[in-house]
Amino acid sequence: MLKPESNAKRLLMNTTGIWSLEVNGEERPIAVPGSWNEQYQDLCYEEGPFTYRTILYIPEELSKKHVRLYFSAVNTDCEVYLNEEKVGENHIGYLPFEIDVTGKMKPGKNELKVVVKNELKVGGFPSKVPDSGTHTVGFFGSFPPANFDFFPYGGIIRPVLVEFTDHSRILDIWVDTSKSEPEKKLGRVRVKVEVSEEAMGEEMKIKLGEVEKKLKVTDRFIEEEFVLDDARFWCPEDPHLYPLRIDLERDEYTLDVGIRTISWDEKRLYLNGKPIFLKGFGKHEEFPVLGQGTFYPMMVKDFNLLKWINANSFRTSHYPYSEEWLDLADRLGILVIDEAPHVGITRYHYNPETQKIAEDNVQRMIARDKNHPSVIMWSVANEPESNHPDAESFFKALYETAKEMDRTRPVVMVSMMDAPDERTRDVALKYFDIVCVNRYYGWYIYQGRIEEGLQALEKDIEELYARHRKPIFVTEFGADAIAGIHYDPPQMFSEEYQAELVEKTIRLLLKKDYIIGTHVWAFADFKTPQNVRRPILNHKGVFTRDRQPKLVAHVLRRLWSEV
Ligand SMILES: O=C(O)[C@H]1O[C@@H](Oc2ccc([N+](=O)[O-])cc2)[C@H](O)[C@@H](O)[C@@H]1O
């Protein structure tokens with residue numbers, strides 16, 4: 001599935017703006033994209049279902065085109081109706097889905113209706129804590145009872161687009177540069193294009209940079225290889241993109257291609273044959289008032305801050321982000337660990353039906369993001385209950401699903417398990433290419449005792465390496481700091497404590513030659529469900545929720561300029 005594009009042969013209509021939301025038979029204005037929870041106080045904790053409506057006006061000539069509705073993301077379960085006819089449904093958030101409505105758009109006025117429910121479900125997506133009784137403590141008494149640590153925002157969170165094309169059209173494009181030889185500056189770009197039946201017999205032009213190939217379309221799938229001498233390899237220092245242009249007689253599509261290779265061995269991760277160390281963060285796509293609604297200034301600001309702080313990467317914890325994040329990452333040279341919307345997976349997910357859904361989610365993420373040079377790794381889940389015996393076959397299947405679609409990138413699962421305590425033994429981590437772990441020494445354990453925490457961390461990491469003999473990526477560590485709180489000697493929740501813990505953890509991990517990266521949790525403060533550990537926000541941000549630096553930001557900026 002290709003992201004809709006506007007060009008000389010394709011027309012794109014954006015429905016962004018004020019839609020109508022029906023709540024208990026009453027109509028209210030609602031912004032799309034956005035989350036309902038932050039636009040109305042009385043809807044803050046509501047799961048719906050709520051009915052969204054908007055009107056689409058279509059000129060007559062466009063109603064005869066191939067028409068596709070593209071929902072960039074709806075959280076979470078939804079049914080879509082066009083002029084009162086049900087045209088589609090979708091059941092996972094954070095991933096796009098398309099609906100072919102060719103022949104169903106009338107000239108003039110059309111009503112688009114979307115019924116959305118954002119229900120937390122035990123064993124479902126989004127995941128609910130199995131026991132959410134009011135007398136349980138800590139996260140298990142959270143409200144709303146999300147089985148994860150960020151606010152479960154609902155609604156049409158990303159743009160809804162209507163794309164008009166000819167019936168003869170380009171359906172998908174795959175780009176593979178993994179056979180390139182960086183030492184020889186030799187770029188090999190394999191391009192595969194899928195077209196509709198109607199394109200058969202047409203002439204196609206495929207142009208990469210200055211090289212153009214012409215051919216006659218005789219098959220739904222067309223494959224070509226471009227060989228470039230003296231290629232500019234895409235990397236954080238020089239994120240060079242070559243425009244790839246596909247032309248049919250009645251359709252066209254342009255995609256930016258970065259030529260680069262990814263590889264790994266027992267100890268290291270390599271970009272273009274050279275070891276790369278990942279410096280950066282886990283983060284969230286959320287903001288006051290907007291909830292999880294797409295918001296472009298925040299993306300530009302966050303990339304600006306990533307550059308300012310000398311980071312080279314981030315993880316799209318704990319769901320795929322808006323596609324524009326990846327377009328910007330390609331352009332600016334930031335590496336991305338792309339994570340499936342699988343957070344809070346428990347033993348209640350380990351059944352064939354849910355496994356099928358999870359496999360589908362992984363496939364949909366890879367289908368969406370496969371062509372981005374910035375995506376360096378696929379993560380199939382964050383912190384599942386992976387010490388449960390049934391986790392083994394579940395995650396093995398997700399690993400294989402990802403590998404079947406893409407053998408060129410490492411596939412990982414982010415584990416909070418496999419610590420020295422035998423009860424945390426991870427049964428699935430062994431299947432993955434790189435060992436990714438989240439560790440909170442000096443925070444949840446060894447509270448207030450940074451030095452002892454570091455010793456325990458070192459032992460833990462050494463044991464992990466001895467068990468797995470694979471590169472280790474510490475995908476989370478950190479401490480809450482409430483901006484403006486200072487304390488000496490450093491106390492938990494002070495800016496000093498966070499700065500010391502983060503700096504010392506990174507310095508310790510840098511000494512191990514099998515550590516391929518350290519990602520601080522988190523980039524910025526973010527809203528969570530209500531519970532005793534969270535004064536409205538998770539305060540582990542290196543930046544505040546409105547993107548101002550805490551003390552640790554200055555420390556990281558200096559540290560990361562040296563490594
Ligand atoms: O807690 C955090 O700040 C972050 O850590 C991770 O979740 C944990 C929650 C509790 C414990 N614990 O009690 O040990 C450890 C980890 C999650 O990946 C992340 O979404 C969350 O925001």
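1. Start with the ligand and N382: a polar side-chain atom of N382 sits 2.9 Å from an oxygen atom of the ligand. E476 has a side-chain N or O atom 2.8 Å from an oxygen atom of the ligand. For K540, the distance from a side-chain N or O atom to a ligand oxygen atom is 2.6 Å.

2. A word on what you're looking at: this is a predicted model, where local features need pLDDT of at least 70 and side-chain atom pairs count only at pLDDT 80 or more, while totals for chains, interfaces and linings use all residues. Residues are numbered from 1 along each chain as its sequence is written, and side-chain values use heavy atoms, with hydrogens and water left out.

3. Which residues come nearest to the ligand? Of the 16 residues around it, they are D149, H318, Y444, E476 and K540. A residue is near a molecule or strand here if one of its heavy atoms lies within 4 Å of it.

4. Now the helices. Two packed helices are described by the angle between their axes and the distance between the axes. Helices (H or I, at least four residues) and strands (E, at least two) are DSSP runs, numbered from the N terminus. Axes are lines fitted to C-alpha atoms, for helices over the stretch in contact, and angles run from 0 to 180 degrees between N-to-C directions.

5. Take α7 (residues 495–510) and α8 (residues 551–562): their axes come within 8 Å and cross at roughly 20 degrees. That makes α7 roughly parallel to α8 (angles under 35 degrees count as roughly parallel, over 145 as roughly antiparallel, 65 to 115 as roughly perpendicular and the rest as oblique). Contact means heavy atoms within 4.5 Å, and the residues making it include V502 and I506 of α7 and V555 and L559 of α8. By class, this contact of α7 with α8 has nine nonpolar, one polar and five charged residues. For those classes, Ala, Val, Leu, Ile, Met, Phe, Trp, Tyr, Cys and Pro count as nonpolar, Asp, Glu, Lys and Arg as charged, and the others, Gly among them, as polar.

6. On its other pairing, α7 packs with α6 (residues 450–468) at an angle of about 30 degrees, with the axes 11 Å apart. So α6 and α7 are roughly parallel to each other. Among the residues in this contact are L454 and I461 of α6, plus L501 and L508 of α7. The class count for α6 with α7 is eight nonpolar, one polar and four charged residues.

7. Have a look at α4 (residues 352–369) and α5 (residues 391–405) too: they pack at about 30 degrees, with their axes 9 Å apart. α4 and α5 are therefore roughly parallel to each other. Their contact includes A358 and V362 of α4 and A397 and L398 of α5. It has nine nonpolar, five polar and one charged residues.

8. Most residues other than glycine have a negative phi, and most peptide bonds are trans. Here, a cis peptide bond joins V32 and P33, with omega about 5 degrees, and P33 lies in the loop between β3 (26–32) and α1 (36–39). The peptide bond from N75 to T76 is also cis, with omega near 5 degrees; T76 is in the loop between β6 (74–75) and β7 (77–82). R469 isn't a glycine, yet its phi is positive, about 50 degrees. You'll find R469 in the loop between α6 and β29 (472–476).

Note on methods
A polar contact is a pair of N or O atoms within 3.5 Å; within protein, one must be able to donate a hydrogen and the other to accept it, and residues adjacent in sequence count only if both atoms are side-chain atoms.
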